[in-house]
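These are my notebook entries on one chain. I looked up loops, the sheet, helix packing and a few single residues.

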Amino acid sequence: MDQAPVLYAFVSFLVFLISSLYAALIFWSPQSIITYSSEKKYRCRTSPNKPIPLPYIDDPATVDLSIIVPTYNETKRMPRMLESTIKHILSIPERKTEILIIDDGSADGTADLALEYAKENLEVEIRVITREKNSGKGGAVRHGMLHARGERLLMVDADGASRFEDLELLWAALDRLDEGNPNHVAIAVGSRAHLVKTEAVVKRSFLRNLLMYGFHTILRVLGVGHIRDTQCGFKLFTRTAVQQIFPCQHLTTWIFDVEVLLLAKMLRIPVEEVPIEWHEVAGSKLNVVTDSLQMLRDLLILRANHLLGRWKVSQNTVKIVPSELISRTSM
Ligand SMILES: Nc1nc2c(ncn2[C@@H]2O[C@H](COP(=O)(O)OP(=O)(O)OP(=O)(O)O)[C@@H](O)[C@H]2O)c(=O)[nH]1
Ligand SMILES: *[C@@H]1O[C@H](CO)[C@@H](O)[C@H](O)[C@H]1NC(C)=O
């Protein structure tokens, strides 16, 4: 009996399958992130009309903390969040702090409202950066991280779902990780995992909880199963951690948190999860069904690109910390 035709058909099928999968990967992988020159400038209280060039993350830190707030159509939820943030900042005057509001092409005047806050608040420097086009939360956070001045950098949602005072819990965790860590690379992430059994989560719809369990299973396969809550929008980084991670970020969609934590793992950056308070705020822009499918797609893309070596952590982003930075982080 001649088996050659069967073998031939099988091999052709395999070749076809593999090339289609590879084509699909290239097709669905995000394009490299574009930054327009107007986005490398900010507006603020002292220069509300004439944008000023932003610094870059490779420059030395000049403030103690940068607060990165991604916003998209947030005129309703942002004011309360900003007020509690500013109140807390003013209670710790010795910590020099800036707020960066990265408006992601909102159509409801979020950027102008943010500028109003910048003008009213004399004690806190608020910088407003406007993205030309909506690029997703991940794109906005990345942009803010790469153009901030802080020795430590916090990303926080504009909806005020987290209690801003819990920053101090993350701050203390980072202090602990910092000790005996010569490069000061460390991350403290807020976690809502301890709330899973409480009313806040049980009240959520069955579909949402089901998707949550599916999501956690996938994360375990991906290699970030050790982080119990990857998606919490409250994460504090040291400047060196940001310098190493964010230039390597490719995903700009909801799932960018997972990529950031995966990069941290590849770079051997210590991450501590810190339980924080959380309450659901109405007006979420997350669509449970379509965004879940998109997340699944992006997780597969992330994994495949890492496995095939198309995306890697480039060694040249790993910087040696100038000694003057080491000596002044201890505050
Ligand atoms: N830059 C940017 N930010 C976005 C976009 N969509 C949502 N955000 C911001 O992401 C944060 C969280 O958005 P939500 O719509 O509350 O998402 P959520 O998943 O319901 O958030 P939680 O339930 O609070 O975890 C807010 O600061 C939004 O302004 C976007 O397309 N671009
Ligand atoms: C943002 O606001 C604009 C104008 O109000 C609207 O057209 C757009 O659909 C909004 N986007 C989202 C995601 O809510």
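I started with N73, which sits in the loop between β3 and α2; helices (H or I, at least four residues) and strands (E, at least two) are DSSP runs, numbered from the N terminus. The model is a predicted one, so I noted that local features need pLDDT of at least 70, that side-chain atom pairs count only at pLDDT 80 or more, and that totals for chains, interfaces and linings use all residues. Residues are numbered from 1 along each chain as its sequence is written, chains are lettered from A and ligands numbered from 1 in the order in which they are written, and side-chain values use heavy atoms, with hydrogens and water left out.

**Entry: loop residues with positive phi**

For N73 I read a phi near 50 degrees, a positive value in a residue other than glycine. N73 has a relative accessibility of 33% and counts as partly exposed. The cut-offs I used: buried is under 20% relative accessible area, exposed is over 50%, and partly exposed lies in between (1.4 Å probe, protein chains only).

H184 is in the loop between α5 and β7. The phi of H184 is near 55 degrees, also positive in a residue other than glycine. H184 is at 14% relative accessibility and counts as buried.

**Entry: R45**

I found R45 in the loop between β1 (41–42) and β2 (52–53). R45 is partly exposed, at 37% relative accessible area. Which residues does R45 touch, leaving out those up to four places away in sequence? They are A118, K119, N121, L122 and I126; contact means heavy atoms within 4.5 Å. R45 and A118 are 73 residues apart along the chain, and their C-alpha atoms are separated by 5.2 Å.

**Entry: the sheet**

I wrote down the strand order of an open sheet of seven strands as β5-β4-β3-β6-β8-β7-β9, with mixed pairing. Two strands pair if DSSP finds at least two bridges between them. The edge strands are β5 (125–130) and β9 (271–275), each of which pairs on one side only. Direction ignored, neighbouring strands of this sheet are turned by 20 degrees against each other on average. Axes are lines fitted to C-alpha atoms, for helices over the stretch in contact, and angles run from 0 to 180 degrees between N-to-C directions.

I then checked β6. Seven of the seven residues of β6 are buried, so β6 is largely enclosed by the rest of the structure. β3 and β6 run parallel and are joined by five bridges; S66 stands opposite L153 in β6. β6 and β8 run antiparallel, again with five bridges, and V156 stands opposite F234 in β8.

V189 has E273 in β9 as its bridge partner.

**Entry: helices on the sheet**

Helix α5 (residues 167–178) lies across β3 (63–71), β6 (150–156), β7, β8 (234–238) and β9, and runs at about 35 degrees to β8. Helix α9 lies across β6, β7, β8 and β9, and also runs at about 35 degrees to β8.

**Entry: helix pairs**

How do α9 (residues 256–266) and α10 (residues 288–307) pack? Their axes are 11 Å apart at an angle of about 25 degrees, and the two helices are therefore roughly parallel to each other. Angles under 35 degrees count as roughly parallel, over 145 as roughly antiparallel, 65 to 115 as roughly perpendicular and the rest as oblique. V258, E259, L262 and M266 of α9 meet L299, L302 and H306 of α10. By class, that contact has five nonpolar, one polar and one charged residues. Ala, Val, Leu, Ile, Met, Phe, Trp, Tyr, Cys and Pro count as nonpolar, Asp, Glu, Lys and Arg as charged, and the others, Gly among them, as polar.

I also looked at α2 (residues 78–90) and α3 (residues 110–120), whose axes come within 11 Å and cross at roughly 30 degrees. That makes α2 roughly parallel to α3. The contact is made by M78, P79, L82 and E83 of α2 with T110, L113, A114 and Y117 of α3.

**Entry: M145**

Last, I checked M145 in helix α4 (residues 137–146). M145 is buried, with a relative accessible area of 0%. Not counting residues up to four places away in sequence, M145 touches I57, I68, L153, L154, M155, F237, V242 and F246.
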